[in-house]
Amino acid sequence: MQQISFIIVLLCAFSFQIDASSKSKPNILFITVDDMNWNSIGAYGCGIPDITPNIDRLAEEGMRFEKAYVQASNCSPSRCVFQTSRYPHQSGMRGFYYVDVDFKTLPEVLKENGYLTGVINKAADTSLSPDFEKYWDVNLKFSGAEKRSADAYGNQLKDFLAVANKEKQPFYCVVNVADPHKPFFNDIKSKKQGFDAFAPSRTYTKEEVEVPAFLPDAPKVKQEIVNYYNSVKRGDDCVGSILEVLAESKYIENTIVIFVSDHGMPLPFAKSSVYLNGIRTPWIVSWPKHIKSGTVNRSNMISAIDFMPTVLDMAGIEQPEGIEGLSFYEALKGNKLNSQEYVFAQFDENAGGVPRPTRTVLTKKYGYVFNAWATGKYPFKCSADSYATHKCMKAQAASKSAVKERYEHWVYRCVEELYDYETDPEALHNLINDPEYQEIAVQLRLALEIQMKVTNDYMLPAFQVRNKKDELNKWMQEEEENSLERTEQLQWKRHKNRNGATKGHTQLFRPQANE
(Lines give C-alpha, C1' and ligand atoms only; values in the text may rest on other atoms or scores of the structure.)
Protein backbone atom coordinates (compact mmCIF):
# COMPACT_ATOMS: atom_id res chain seq x y z
CA MET A 1 0.00 0.00 0.00
CA GLN A 2 2.82 2.38 0.89
CA GLN A 3 4.52 1.55 -2.43
CA ILE A 4 1.32 2.44 -4.37
CA SER A 5 1.00 5.71 -2.46
CA PHE A 6 4.63 6.53 -3.27
CA ILE A 7 4.02 5.89 -6.98
CA ILE A 8 0.94 8.13 -6.91
CA VAL A 9 2.97 10.90 -5.28
CA LEU A 10 5.64 10.54 -7.96
CA LEU A 11 3.06 10.66 -10.75
CA CYS A 12 1.44 13.76 -9.24
CA ALA A 13 4.82 15.43 -8.94
CA PHE A 14 5.63 14.55 -12.55
CA SER A 15 2.25 15.88 -13.66
CA PHE A 16 2.89 19.12 -11.78
CA GLN A 17 6.27 19.49 -13.51
CA ILE A 18 4.62 19.11 -16.92
CA ASP A 19 1.97 21.68 -16.04
CA ALA A 20 4.55 24.07 -14.64
CA SER A 21 6.74 23.60 -17.70
CA SER A 22 3.79 24.29 -20.00
CA LYS A 23 2.86 27.43 -18.07
CA SER A 24 6.45 28.69 -18.16
CA LYS A 25 6.65 28.50 -21.93
CA PRO A 26 6.61 32.03 -23.35
CA ASN A 27 3.77 33.26 -25.50
CA ILE A 28 4.78 34.73 -28.85
CA LEU A 29 2.98 37.68 -30.41
CA PHE A 30 4.32 38.34 -33.91
CA ILE A 31 3.17 41.69 -35.33
CA THR A 32 3.78 42.53 -38.97
CA VAL A 33 2.98 45.68 -40.88
CA ASP A 34 2.49 45.66 -44.63
CA ASP A 35 4.82 47.65 -46.93
CA MET A 36 6.37 49.87 -44.25
CA ASN A 37 9.88 51.10 -44.97
CA TRP A 38 12.37 50.47 -42.18
CA ASN A 39 13.22 54.19 -41.93
CA SER A 40 9.60 55.34 -41.74
CA ILE A 41 9.70 54.70 -37.99
CA GLY A 42 10.78 57.25 -35.40
CA ALA A 43 13.05 54.80 -33.60
CA TYR A 44 14.83 54.19 -36.91
CA GLY A 45 15.46 57.85 -37.59
CA CYS A 46 12.29 59.12 -39.24
CA GLY A 47 12.10 62.83 -38.47
CA ILE A 48 8.36 63.27 -39.03
CA PRO A 49 6.89 64.34 -35.68
CA ASP A 50 4.92 61.75 -33.72
CA ILE A 51 4.87 59.34 -36.66
CA THR A 52 5.14 56.00 -34.77
CA PRO A 53 4.92 56.50 -30.99
CA ASN A 54 3.61 52.99 -30.33
CA ILE A 55 6.31 51.21 -32.30
CA ASP A 56 8.89 53.53 -30.73
CA ARG A 57 7.63 52.60 -27.27
CA LEU A 58 8.01 48.92 -28.11
CA ALA A 59 11.61 49.63 -29.12
CA GLU A 60 12.19 51.36 -25.78
CA GLU A 61 10.93 48.24 -24.00
CA GLY A 62 13.10 45.77 -25.90
CA MET A 63 15.86 45.38 -28.48
CA ARG A 64 16.00 47.09 -31.86
CA PHE A 65 18.03 45.54 -34.67
CA GLU A 66 19.64 47.96 -37.12
CA LYS A 67 20.77 45.38 -39.69
CA ALA A 68 17.65 43.30 -40.23
CA TYR A 69 16.34 42.08 -43.57
CA VAL A 70 13.67 39.99 -45.24
CA GLN A 71 14.38 37.37 -47.90
CA ALA A 72 11.80 38.57 -50.44
CA SER A 73 10.50 42.00 -51.35
CA ASN A 74 6.87 41.07 -51.96
CA CYS A 75 4.17 39.86 -49.63
CA SER A 76 3.53 36.13 -49.61
CA PRO A 77 7.06 35.02 -50.54
CA SER A 78 8.42 37.19 -47.71
CA ARG A 79 5.91 36.16 -45.06
CA CYS A 80 6.35 32.46 -45.67
CA VAL A 81 10.10 32.66 -45.01
CA PHE A 82 9.31 33.62 -41.41
CA GLN A 83 7.14 30.51 -41.07
CA THR A 84 9.52 28.06 -42.77
CA SER A 85 13.16 29.17 -42.38
CA ARG A 86 13.58 28.34 -46.04
CA TYR A 87 14.26 30.55 -49.03
CA PRO A 88 11.31 31.06 -51.41
CA HIS A 89 12.89 28.91 -54.11
CA GLN A 90 13.24 26.11 -51.53
CA SER A 91 9.72 26.22 -50.10
CA GLY A 92 8.24 26.84 -53.53
CA MET A 93 6.63 30.09 -52.38
CA ARG A 94 8.16 32.03 -55.25
CA GLY A 95 4.88 33.72 -56.10
CA PHE A 96 1.29 33.99 -54.98
CA TYR A 97 0.14 30.39 -55.38
CA TYR A 98 -0.12 27.55 -52.87
CA VAL A 99 2.56 24.88 -52.51
CA ASP A 100 2.82 21.30 -51.31
CA VAL A 101 5.85 20.57 -49.13
CA ASP A 102 7.23 17.66 -47.12
CA PHE A 103 8.47 19.65 -44.12
CA LYS A 104 6.79 21.22 -41.09
CA THR A 105 6.33 24.93 -40.69
CA LEU A 106 6.81 26.95 -37.50
CA PRO A 107 3.13 26.88 -36.45
CA GLU A 108 3.02 23.12 -37.00
CA VAL A 109 6.09 22.55 -34.83
CA LEU A 110 4.68 24.83 -32.13
CA LYS A 111 1.32 23.04 -32.21
CA GLU A 112 3.09 19.71 -31.69
CA ASN A 113 4.75 21.23 -28.62
CA GLY A 114 1.60 22.37 -26.89
CA TYR A 115 1.08 25.81 -28.41
CA LEU A 116 -2.20 27.35 -29.51
CA THR A 117 -1.59 28.99 -32.89
CA GLY A 118 -3.52 31.86 -34.43
CA VAL A 119 -3.42 34.28 -37.31
CA ILE A 120 -5.27 37.59 -37.55
CA ASN A 121 -5.63 38.84 -41.13
CA LYS A 122 -3.76 37.56 -44.22
CA ALA A 123 -3.99 33.84 -43.44
CA ALA A 124 -3.42 33.01 -47.10
CA ASP A 125 -0.20 35.00 -47.35
CA THR A 126 1.07 33.54 -44.07
CA SER A 127 0.43 29.91 -45.09
CA LEU A 128 1.96 27.55 -47.64
CA SER A 129 -1.16 25.56 -48.48
CA PRO A 130 -4.89 26.35 -48.45
CA ASP A 131 -5.34 23.92 -45.52
CA PHE A 132 -5.26 26.71 -42.93
CA GLU A 133 -6.33 24.39 -40.08
CA LYS A 134 -3.06 22.56 -40.57
CA TYR A 135 -1.25 25.65 -39.30
CA TRP A 136 -3.73 27.73 -37.32
CA ASP A 137 -6.03 26.75 -34.47
CA VAL A 138 -7.62 30.19 -34.72
CA ASN A 139 -8.03 32.11 -37.98
CA LEU A 140 -9.60 35.55 -37.55
CA LYS A 141 -10.58 37.78 -40.47
CA PHE A 142 -11.87 41.29 -40.94
CA SER A 143 -15.08 42.42 -42.52
CA GLY A 144 -14.53 44.78 -45.44
CA ALA A 145 -12.64 47.95 -44.60
CA GLU A 146 -12.19 46.99 -40.94
CA LYS A 147 -8.66 45.83 -41.67
CA ARG A 148 -7.75 49.53 -41.59
CA SER A 149 -9.31 50.03 -38.14
CA ALA A 150 -7.09 50.21 -35.07
CA ASP A 151 -9.97 49.20 -32.79
CA ALA A 152 -10.69 46.14 -34.93
CA TYR A 153 -7.18 44.78 -34.37
CA GLY A 154 -7.50 45.18 -30.62
CA ASN A 155 -10.86 43.43 -30.62
CA GLN A 156 -9.55 40.54 -32.69
CA LEU A 157 -6.65 40.04 -30.31
CA LYS A 158 -9.10 40.06 -27.38
CA ASP A 159 -11.04 37.28 -29.11
CA PHE A 160 -7.87 35.27 -29.63
CA LEU A 161 -6.73 35.72 -26.03
CA ALA A 162 -10.15 34.53 -24.85
CA VAL A 163 -9.55 31.27 -26.71
CA ALA A 164 -6.04 31.00 -25.25
CA ASN A 165 -7.46 31.51 -21.77
CA LYS A 166 -10.07 28.81 -22.33
CA GLU A 167 -7.59 26.31 -23.78
CA LYS A 168 -4.94 27.11 -21.14
CA GLN A 169 -2.11 26.81 -23.64
CA PRO A 170 0.84 29.04 -24.44
CA PHE A 171 0.20 30.80 -27.73
CA TYR A 172 1.80 31.84 -31.00
CA CYS A 173 -0.30 34.57 -32.57
CA VAL A 174 0.54 36.32 -35.85
CA VAL A 175 -1.17 39.68 -36.31
CA ASN A 176 -0.82 41.12 -39.80
CA VAL A 177 -1.62 44.85 -39.92
CA ALA A 178 -2.76 45.94 -43.40
CA ASP A 179 -1.26 49.44 -43.34
CA PRO A 180 0.55 51.10 -45.00
CA HIS A 181 -0.23 48.84 -47.97
CA LYS A 182 -1.89 50.46 -50.97
CA PRO A 183 -4.32 52.08 -51.32
CA PHE A 184 -2.98 54.72 -48.98
CA PHE A 185 -5.19 56.90 -46.84
CA ASN A 186 -6.65 59.66 -49.06
CA ASP A 187 -5.97 57.74 -52.28
CA ILE A 188 -8.98 57.75 -54.61
CA LYS A 189 -9.22 53.96 -54.43
CA SER A 190 -9.05 54.07 -50.64
CA LYS A 191 -12.02 56.39 -50.51
CA LYS A 192 -14.00 54.20 -52.92
CA GLN A 193 -13.31 51.07 -50.87
CA GLY A 194 -14.33 52.75 -47.62
CA PHE A 195 -10.88 52.57 -46.01
CA ASP A 196 -10.84 56.30 -45.32
CA ALA A 197 -13.67 55.80 -42.84
CA PHE A 198 -10.88 54.81 -40.48
CA ALA A 199 -8.66 57.87 -40.29
CA PRO A 200 -5.22 57.92 -38.67
CA SER A 201 -4.99 59.61 -35.26
CA ARG A 202 -3.08 62.39 -36.96
CA THR A 203 -2.63 63.44 -40.57
CA TYR A 204 0.35 65.16 -42.18
CA THR A 205 0.84 67.83 -44.81
CA LYS A 206 3.29 68.22 -47.69
CA GLU A 207 5.32 70.61 -45.58
CA GLU A 208 5.96 67.89 -42.98
CA VAL A 209 7.33 65.17 -45.26
CA GLU A 210 10.17 64.75 -47.72
CA VAL A 211 10.33 62.70 -50.90
CA PRO A 212 12.93 59.91 -50.58
CA ALA A 213 16.12 60.55 -52.55
CA PHE A 214 15.51 57.52 -54.77
CA LEU A 215 12.34 59.14 -56.21
CA PRO A 216 11.87 62.41 -58.14
CA ASP A 217 10.69 65.34 -56.05
CA ALA A 218 7.53 66.25 -57.96
CA PRO A 219 4.14 67.47 -56.62
CA LYS A 220 2.27 64.24 -57.51
CA VAL A 221 5.02 62.12 -56.01
CA LYS A 222 5.03 64.21 -52.85
CA GLN A 223 1.28 63.84 -52.46
CA GLU A 224 1.61 60.08 -52.69
CA ILE A 225 4.36 60.21 -50.07
CA VAL A 226 2.06 62.24 -47.79
CA ASN A 227 -0.64 59.62 -48.22
CA TYR A 228 1.90 56.91 -47.47
CA TYR A 229 2.98 58.52 -44.20
CA ASN A 230 -0.61 59.01 -43.14
CA SER A 231 -1.02 55.27 -43.66
CA VAL A 232 2.15 54.64 -41.66
CA LYS A 233 0.54 56.65 -38.86
CA ARG A 234 -2.62 54.54 -39.06
CA GLY A 235 -0.51 51.39 -39.03
CA ASP A 236 1.14 52.58 -35.83
CA ASP A 237 -2.33 53.23 -34.38
CA CYS A 238 -3.17 49.59 -35.09
CA VAL A 239 0.02 48.41 -33.40
CA GLY A 240 -0.87 50.60 -30.43
CA SER A 241 -4.31 48.99 -30.13
CA ILE A 242 -2.75 45.51 -30.22
CA LEU A 243 -0.17 46.37 -27.57
CA GLU A 244 -2.79 48.00 -25.34
CA VAL A 245 -4.88 44.83 -25.32
CA LEU A 246 -1.82 42.75 -24.47
CA ALA A 247 -0.84 45.18 -21.68
CA GLU A 248 -4.28 44.86 -20.10
CA SER A 249 -4.18 41.05 -20.21
CA LYS A 250 -2.66 38.55 -17.80
CA TYR A 251 -0.23 37.50 -20.54
CA ILE A 252 1.86 40.65 -20.63
CA GLU A 253 4.69 39.42 -18.37
CA ASN A 254 5.36 36.21 -20.29
CA THR A 255 4.80 37.27 -23.89
CA ILE A 256 7.53 37.83 -26.45
CA VAL A 257 6.52 40.58 -28.86
CA ILE A 258 8.26 40.65 -32.23
CA PHE A 259 7.64 43.44 -34.72
CA VAL A 260 8.68 43.57 -38.39
CA SER A 261 7.58 44.86 -41.79
CA ASP A 262 7.22 42.33 -44.59
CA HIS A 263 9.29 44.57 -46.94
CA GLY A 264 9.66 48.17 -48.10
CA MET A 265 7.22 50.84 -49.23
CA PRO A 266 5.14 50.04 -52.37
CA LEU A 267 6.91 52.43 -54.72
CA PRO A 268 9.67 52.09 -57.35
CA PHE A 269 13.13 51.14 -56.02
CA ALA A 270 11.59 49.78 -52.81
CA LYS A 271 8.95 47.02 -52.76
CA SER A 272 9.59 44.38 -55.46
CA SER A 273 13.26 45.36 -55.56
CA VAL A 274 16.21 43.88 -53.68
CA TYR A 275 17.75 47.23 -52.84
CA LEU A 276 17.87 48.22 -49.16
CA ASN A 277 14.54 50.01 -49.44
CA GLY A 278 13.01 46.75 -50.57
CA ILE A 279 14.47 44.23 -48.14
CA ARG A 280 15.68 46.07 -45.05
CA THR A 281 13.11 45.83 -42.27
CA PRO A 282 12.52 47.28 -38.81
CA TRP A 283 12.89 44.45 -36.30
CA ILE A 284 12.07 44.87 -32.63
CA VAL A 285 11.87 42.18 -29.94
CA SER A 286 10.44 42.76 -26.45
CA TRP A 287 10.25 40.24 -23.60
CA PRO A 288 9.81 41.57 -20.05
CA LYS A 289 12.58 40.54 -17.62
CA HIS A 290 14.44 38.68 -20.37
CA ILE A 291 15.50 41.34 -22.87
CA LYS A 292 17.10 44.53 -21.59
CA SER A 293 14.99 47.59 -22.32
CA GLY A 294 16.11 50.16 -24.83
CA THR A 295 18.96 48.15 -26.33
CA VAL A 296 20.11 48.48 -29.91
CA ASN A 297 21.94 45.80 -31.87
CA ARG A 298 24.07 47.40 -34.57
CA SER A 299 26.55 44.59 -35.10
CA ASN A 300 24.58 41.51 -36.14
CA MET A 301 22.98 40.90 -39.52
CA ILE A 302 19.72 39.00 -39.05
CA SER A 303 16.98 38.14 -41.51
CA ALA A 304 13.60 36.43 -41.85
CA ILE A 305 15.29 33.07 -42.41
CA ASP A 306 16.47 33.30 -38.76
CA PHE A 307 13.02 33.92 -37.27
CA MET A 308 11.87 30.31 -36.87
CA PRO A 309 15.03 28.98 -35.20
CA THR A 310 15.11 31.97 -32.85
CA VAL A 311 11.48 31.54 -31.80
CA LEU A 312 11.99 27.83 -31.20
CA ASP A 313 15.15 28.57 -29.23
CA MET A 314 13.32 31.05 -26.99
CA ALA A 315 10.52 28.51 -26.50
CA GLY A 316 12.98 25.76 -25.61
CA ILE A 317 11.95 23.58 -28.55
CA GLU A 318 14.35 21.48 -30.58
CA GLN A 319 15.14 22.71 -34.08
CA PRO A 320 13.83 20.48 -36.89
CA GLU A 321 16.16 19.38 -39.65
CA GLY A 322 16.30 21.25 -42.94
CA ILE A 323 15.93 24.83 -41.74
CA GLU A 324 18.33 27.38 -43.22
CA GLY A 325 18.41 30.08 -40.55
CA LEU A 326 20.39 30.52 -37.35
CA SER A 327 19.04 31.51 -33.95
CA PHE A 328 20.06 34.93 -32.65
CA TYR A 329 18.67 34.29 -29.17
CA GLU A 330 22.11 34.85 -27.65
CA ALA A 331 22.09 38.41 -29.01
CA LEU A 332 18.68 38.98 -27.42
CA LYS A 333 20.11 37.87 -24.07
CA GLY A 334 22.84 40.44 -24.45
CA ASN A 335 25.58 37.97 -25.28
CA LYS A 336 28.02 38.18 -28.12
CA LEU A 337 26.83 36.57 -31.33
CA ASN A 338 29.13 35.90 -34.25
CA SER A 339 27.51 37.84 -37.06
CA GLN A 340 26.69 36.18 -40.34
CA GLU A 341 28.92 37.41 -43.13
CA TYR A 342 26.21 37.45 -45.79
CA VAL A 343 22.45 37.87 -46.13
CA PHE A 344 20.72 36.61 -49.28
CA ALA A 345 17.45 37.90 -50.67
CA GLN A 346 15.39 37.59 -53.82
CA PHE A 347 12.47 38.55 -56.02
CA ASP A 348 10.93 35.91 -58.26
CA GLU A 349 7.61 37.06 -59.68
CA ASN A 350 4.86 39.57 -59.03
CA ALA A 351 1.37 38.91 -57.67
CA GLY A 352 0.06 38.38 -61.17
CA GLY A 353 2.64 35.74 -61.99
CA VAL A 354 5.02 37.73 -64.20
CA PRO A 355 8.55 36.37 -63.55
CA ARG A 356 11.46 38.77 -63.11
CA PRO A 357 13.95 36.62 -61.17
CA THR A 358 16.50 38.59 -59.13
CA ARG A 359 19.03 37.67 -56.47
CA THR A 360 21.14 39.72 -54.10
CA VAL A 361 23.86 39.11 -51.54
CA LEU A 362 24.58 41.66 -48.83
CA THR A 363 27.42 42.31 -46.48
CA LYS A 364 27.33 45.02 -43.82
CA LYS A 365 28.68 47.42 -46.43
CA TYR A 366 28.02 46.16 -49.96
CA GLY A 367 25.22 44.69 -52.02
CA TYR A 368 25.55 42.73 -55.27
CA VAL A 369 22.48 42.19 -57.48
CA PHE A 370 21.90 39.71 -60.30
CA ASN A 371 18.91 40.34 -62.59
CA ALA A 372 18.43 37.35 -64.88
CA TRP A 373 15.72 39.18 -66.86
CA ALA A 374 17.55 42.48 -67.46
CA THR A 375 18.60 41.96 -71.08
CA GLY A 376 16.47 44.79 -72.45
CA LYS A 377 13.79 42.42 -73.70
CA TYR A 378 11.71 42.08 -70.53
CA PRO A 379 10.49 45.32 -68.90
CA PHE A 380 9.88 45.13 -65.18
CA LYS A 381 6.24 44.87 -64.12
CA CYS A 382 4.72 45.25 -60.67
CA SER A 383 1.72 46.81 -58.95
CA ALA A 384 3.51 50.17 -58.62
CA ASP A 385 3.06 50.64 -62.38
CA SER A 386 -0.48 51.86 -61.74
CA TYR A 387 0.40 54.26 -58.91
CA ALA A 388 0.91 58.02 -59.13
CA THR A 389 4.67 57.98 -58.55
CA HIS A 390 5.41 55.54 -61.35
CA LYS A 391 3.07 57.40 -63.73
CA CYS A 392 4.74 60.70 -62.84
CA MET A 393 8.22 59.26 -63.45
CA LYS A 394 7.13 57.90 -66.81
CA ALA A 395 5.65 61.25 -67.85
CA GLN A 396 8.66 63.30 -66.70
CA ALA A 397 11.08 60.91 -68.43
CA ALA A 398 10.00 62.40 -71.76
CA SER A 399 11.49 65.81 -70.94
CA LYS A 400 13.87 65.40 -67.97
CA SER A 401 17.06 63.47 -68.61
CA ALA A 402 17.78 62.69 -64.96
CA VAL A 403 14.30 61.26 -64.44
CA LYS A 404 14.57 59.37 -67.73
CA GLU A 405 17.76 57.70 -66.59
CA ARG A 406 16.21 56.64 -63.29
CA TYR A 407 12.97 55.50 -64.90
CA GLU A 408 14.71 53.40 -67.54
CA HIS A 409 16.90 51.86 -64.87
CA TRP A 410 13.79 50.84 -62.91
CA VAL A 411 12.11 49.36 -65.96
CA TYR A 412 15.08 47.60 -67.57
CA ARG A 413 17.83 47.45 -64.92
CA CYS A 414 21.09 45.69 -65.92
CA VAL A 415 22.21 42.12 -65.41
CA GLU A 416 24.65 42.95 -62.61
CA GLU A 417 24.67 45.74 -60.04
CA LEU A 418 26.94 46.60 -57.13
CA TYR A 419 26.36 49.22 -54.44
CA ASP A 420 28.25 50.59 -51.48
CA TYR A 421 25.28 50.87 -49.14
CA GLU A 422 27.38 52.50 -46.45
CA THR A 423 27.85 55.62 -48.60
CA ASP A 424 24.94 55.10 -51.00
CA PRO A 425 21.99 53.59 -49.07
CA GLU A 426 19.51 54.64 -51.79
CA ALA A 427 21.34 52.61 -54.47
CA LEU A 428 21.88 55.55 -56.81
CA HIS A 429 25.36 54.65 -58.09
CA ASN A 430 25.98 51.27 -59.69
CA LEU A 431 29.65 50.35 -59.17
CA ILE A 432 29.70 47.08 -61.09
CA ASN A 433 32.03 48.45 -63.79
CA ASP A 434 34.17 50.56 -61.46
CA PRO A 435 37.76 49.16 -61.50
CA GLU A 436 38.19 49.95 -57.80
CA TYR A 437 35.39 47.56 -56.84
CA GLN A 438 36.17 44.52 -58.97
CA GLU A 439 37.60 42.55 -56.07
CA ILE A 440 34.37 43.09 -54.12
CA ALA A 441 32.30 42.09 -57.14
CA VAL A 442 34.26 38.84 -57.53
CA GLN A 443 33.88 38.05 -53.83
CA LEU A 444 30.12 38.59 -53.83
CA ARG A 445 29.56 36.74 -57.10
CA LEU A 446 31.32 33.73 -55.60
CA ALA A 447 29.27 33.94 -52.38
CA LEU A 448 26.04 34.08 -54.39
CA GLU A 449 27.01 31.18 -56.63
CA ILE A 450 27.86 29.01 -53.63
CA GLN A 451 24.51 29.93 -52.04
CA MET A 452 22.67 29.01 -55.23
CA LYS A 453 24.35 25.61 -55.35
CA VAL A 454 23.79 24.85 -51.67
CA THR A 455 20.10 25.82 -51.77
CA ASN A 456 19.33 24.24 -55.16
CA ASP A 457 18.33 27.57 -56.64
CA TYR A 458 16.56 27.24 -60.00
CA MET A 459 18.35 30.45 -61.08
CA LEU A 460 21.83 28.92 -61.01
CA PRO A 461 21.88 28.04 -64.75
CA ALA A 462 21.03 31.67 -65.56
CA PHE A 463 23.73 32.98 -63.25
CA GLN A 464 26.30 30.78 -64.93
CA VAL A 465 25.53 32.38 -68.33
CA ARG A 466 25.12 35.93 -67.02
CA ASN A 467 27.55 37.28 -69.62
CA LYS A 468 25.67 35.72 -72.54
CA LYS A 469 22.62 37.76 -73.46
CA ASP A 470 21.18 35.20 -75.87
CA GLU A 471 21.45 32.44 -73.28
CA LEU A 472 19.75 34.59 -70.66
CA ASN A 473 16.92 35.36 -73.07
CA LYS A 474 16.51 31.67 -73.78
CA TRP A 475 16.38 30.91 -70.07
CA MET A 476 13.88 33.71 -69.49
CA GLN A 477 11.66 32.47 -72.30
CA GLU A 478 11.43 29.12 -70.54
CA GLU A 479 10.56 30.88 -67.29
CA GLU A 480 7.82 32.83 -69.06
CA GLU A 481 6.34 29.61 -70.43
CA ASN A 482 6.53 27.88 -67.05
CA SER A 483 4.90 30.89 -65.41
CA LEU A 484 1.98 30.86 -67.83
CA GLU A 485 1.50 27.16 -67.16
CA ARG A 486 1.36 27.85 -63.42
CA THR A 487 -1.24 30.57 -63.89
CA GLU A 488 -3.51 28.09 -65.65
CA GLN A 489 -3.21 25.18 -63.20
CA LEU A 490 -2.19 26.12 -59.67
CA GLN A 491 -4.39 27.24 -56.79
CA TRP A 492 -3.77 30.98 -56.51
CA LYS A 493 -3.80 33.24 -53.46
CA ARG A 494 -5.40 35.98 -55.53
CA HIS A 495 -8.66 35.85 -57.47
CA LYS A 496 -6.88 36.61 -60.71
CA ASN A 497 -3.42 36.56 -62.26
CA ARG A 498 -1.84 37.52 -65.59
CA ASN A 499 -3.92 34.85 -67.27
CA GLY A 500 -7.30 35.85 -65.80
CA ALA A 501 -9.56 34.31 -63.16
CA THR A 502 -8.06 31.64 -60.89
CA LYS A 503 -11.27 30.08 -59.61
CA GLY A 504 -11.38 26.34 -60.14
CA HIS A 505 -7.64 25.76 -60.19
CA THR A 506 -6.77 22.68 -58.15
CA GLN A 507 -3.03 21.87 -58.28
CA LEU A 508 -0.37 22.77 -55.72
CA PHE A 509 3.18 23.70 -56.69
CA ARG A 510 5.89 21.19 -55.80
CA PRO A 511 9.16 23.04 -55.08
CA GLN A 512 11.40 20.11 -55.98
CA ALA A 513 9.89 20.01 -59.45
CA ASN A 514 11.73 23.17 -60.46
CA GLU A 515 11.10 23.85 -64.10
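This is a predicted model: local features need pLDDT of at least 70, side-chain atom pairs count only at pLDDT 80 or more; totals for chains, interfaces and linings use all residues.
If we set aside residues up to four places away in sequence, Lys 104 touches Val 109, Glu 112 and Met 308. Now look across to Lys 134: it is 30 residues from Lys 104 in sequence, and the C-alpha to C-alpha distance between the two is 10.0 Å.

Let's visit another residue, Ile 302, in strand β10 (residues 302-303). Is Ile 302 buried or exposed? Ile 302 counts as buried, because its relative accessibility is 1%, and the cut-off for buried is under 20%. Which residues does Ile 302 contact, leaving aside its neighbours within four places in sequence? They are Phe 65, Lys 67, Ala 68, Tyr 69, Trp 283 and Phe 328.

Now let's zoom out to the chain. How many helices and strands are there? The chain has 16 helices and 16 strands. Its radius of gyration is 23 Å, close to the 24 Å given by the globule rule for 515 residues, so the chain is as compact as a globular protein of that length. The C-alpha trace spans about 95 × 50 × 50 Å along the principal axes. Of the 515 residues, 60% count as buried. And if we take the contacts with a separation of 6 or more, 70% of them come from residues 24 or more positions apart.

Next, a few helices. In helix α2 (residues 53-61), the buried residues are Asn 54, Ile 55, Asp 56, Leu 58 and Ala 59. What do they pack against? The buried residues of α2 pack against β2 (63-65), α8, β7 (255-261) and β8 (283-286).

Helix α6 (residues 150-167) packs with helix α8 (residues 219-247) at an angle of about 30 degrees, and their axes are 7 Å apart. That angle is why α6 is called roughly parallel to α8, since the cut-off is under 35 degrees. The crossing of α6 past α8 is right-handed. On the α6 side, the contact includes Tyr 153, Leu 157 and Leu 161; on the α8 side, Ile 242, Val 245 and Leu 246 are among the residues involved. By class, this contact of α6 with α8 has eight nonpolar, two polar and three charged residues.

Here is our other helix pair. Helix α12 (residues 388-396) and helix α13 (residues 401-412) have axes 8 Å apart and pack at an angle of about 125 degrees. That makes α12 oblique to α13. The crossing of α12 past α13 is left-handed. From α12, His 390, Met 393, Lys 394 and Gln 396 meet Val 403, Arg 406, Tyr 407 and Trp 410 of α13. The residues in this contact of α12 with α13 divide into four nonpolar, two polar and two charged.

How values were computed. Residues are numbered from 1 along each chain as its sequence is written. Side-chain values use heavy atoms; hydrogens and water are left out. Axes are lines fitted to C-alpha atoms, for helices over the stretch in contact, and angles run from 0 to 180 degrees between N-to-C directions. Helices (H or I, at least four residues) and strands (E, at least two) are DSSP runs, numbered from the N terminus. Angles under 35 degrees count as roughly parallel, over 145 as roughly antiparallel, 65 to 115 as roughly perpendicular and the rest as oblique. A crossing is left-handed if the near helix is turned anticlockwise from the far one by less than a right angle, and right-handed if clockwise. Contact means heavy atoms within 4.5 Å. Ala, Val, Leu, Ile, Met, Phe, Trp, Tyr, Cys and Pro count as nonpolar, Asp, Glu, Lys and Arg as charged, and the others, Gly among them, as polar. The radius of gyration is taken over C-alpha atoms; the globule rule is 2.2 Å times the number of residues to the power 0.38. Buried means under 20% relative accessible area, exposed over 50%, partly exposed in between (1.4 Å probe, protein chains only).
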